[in-house]
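Hi,

Here is the model I promised to pass on to you.

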Amino acid sequence: MKYCRKCGRIYAESYKYYDNNLCVYESFPLIEDPGMTEDKFLKLTEEGKDAYELHIIDLCKQSGHFDENRCLRGKTEKDYIYYYDYYYAFRYDKYEQLSGRKAPIKQRDLTPDEKAIEEWEARQRIYDSPFFSRSNNGANQPKCPTCGSTNINRISAASKFTGATLFGLFSKTAKSQFQCGSCGYKW
């Protein structure tokens, strides 16, 4: 079990972000409690669990980093609408009971193939989001200066060479880069 000295939150080994070593709320370094594991904690009675929470709060107060206003233990809905977040990372049963939400427990270990697929899907979700969209919705698409059509084609080097050979260097085809597919204008 780990705990945050600033807010007093406790993190169990089965919490999905247990390995981060920072409090997800305070971004404060977590301290590991070598005397308590999640298995030991789960075997405690409800009174024992409450006593352990108070013990951690006392350790936090002694550290000099504790902020009473940031601690949610003992708060009610009147004090803070998400008062149950104190139990978010270690007392899953109590968190689910108070919040009506599913607790953030670690999933089973994934195989390397499943992990690769999950990472790929996560990257795809990011790149498919509107913030990473490479589409500019036609904002920079070239248009015909005569009719405004976006049906334009680039004039190939072979066509330019043929136009220059047949009509000289001053031919419209030799000097132009684009040709409108709708009206035929070259520019």
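How many helices and strands are there in the protein chain? There are six helices and five strands, where helices (H or I, at least four residues) and strands (E, at least two) are DSSP runs numbered from the N terminus. Read from the N terminus on, the elements follow the order β-β-β-α-α-α-α-β-α-α-β.

A word on the ground rules. This is a predicted model, in which local features need pLDDT of at least 70 and side-chain atom pairs count only at pLDDT 80 or more, while totals for chains, interfaces and linings use all residues. Residues are numbered from 1 along each chain as its sequence is written, and side-chain values use heavy atoms, with hydrogens and water left out.

**The chain as a whole**

Of the 187 residues in the protein chain, 29% are buried. Buried means under 20% relative accessible area, exposed means over 50%, and partly exposed lies in between (1.4 Å probe, protein chains only). The chain exposes about 12,800 Å², and carbon and sulfur atoms supply 51% of that area; the areas come from the Shrake-Rupley method with a 1.4 Å probe, and for residues only the protein chains shown count as cover. As for contacts (heavy atoms within 4.5 Å), take those between residues at least 6 apart in sequence: 50% of them join residues at least 24 apart.

**Charges**

The structure holds one salt bridge, meaning a side-chain nitrogen of Lys or Arg within 4 Å of a carboxyl oxygen of Asp or Glu. The partners are Glu46 and Lys49, at 3.7 Å from N to O. Both sit in helix α2 (residues 46–63), three residues apart, which is about one turn of the helix. Glu46 counts as partly exposed because its relative accessibility is 40%, whereas Lys49, at 7%, counts as buried.

Asp33 is another one to look at. This residue is found in the loop between β3 (30–32) and α1 (38–43). Asp33 is buried yet has no salt bridge, and the nearest side chain of opposite charge, Lys40, is 8.3 Å away. For charge, Lys and Arg count as positive and Asp and Glu as negative, while His and the chain ends are not counted. Leaving out residues up to four places away in sequence, Asp33 touches Met1, Tyr3, Tyr52 and Ile56.

Thr37 lies in the loop between β3 and α1 as well. Thr37 is partly exposed, since its relative accessible area is 31%. Met1 turns up here too: Thr37 and Met1 are 36 residues apart along the chain, but their C-alpha atoms are separated by 5.3 Å. Beyond its neighbours within four places in sequence, Thr37 is in contact with Met1 and Glu13.

**Cysteines**

How many disulfides does the structure hold? The count is zero, with a disulfide taken as a pair of cysteine sulfur atoms within 2.5 Å. Cys183 is in no disulfide either, and the nearest cysteine sulfur, that of Cys144, is 3.7 Å away. Cys147 counts as partly exposed at 42% relative accessibility, and Cys183 counts as partly exposed at 41%.

Rings of Phe, Tyr and Trp (its six-membered ring) pair if their centres lie within 6.5 Å; planes under 30 degrees apart count as stacked, over 60 as edge-to-face and the rest as tilted. One of the pairs is Phe178 with Trp187, tilted, at 5.8 Å centre to centre and 35° between the planes. Tyr185 and Trp187 form a stacked pair, at 6.0 Å and 15°. Phe178, Tyr185 and Trp187 form one aromatic cluster.

Arg154 is found in strand β4 (residues 152–154) and is exposed, with a relative accessible area of 61%. Arg154 and Ser176 are 22 residues apart in sequence and 8.9 Å apart in space, C-alpha to C-alpha.

Best wishes
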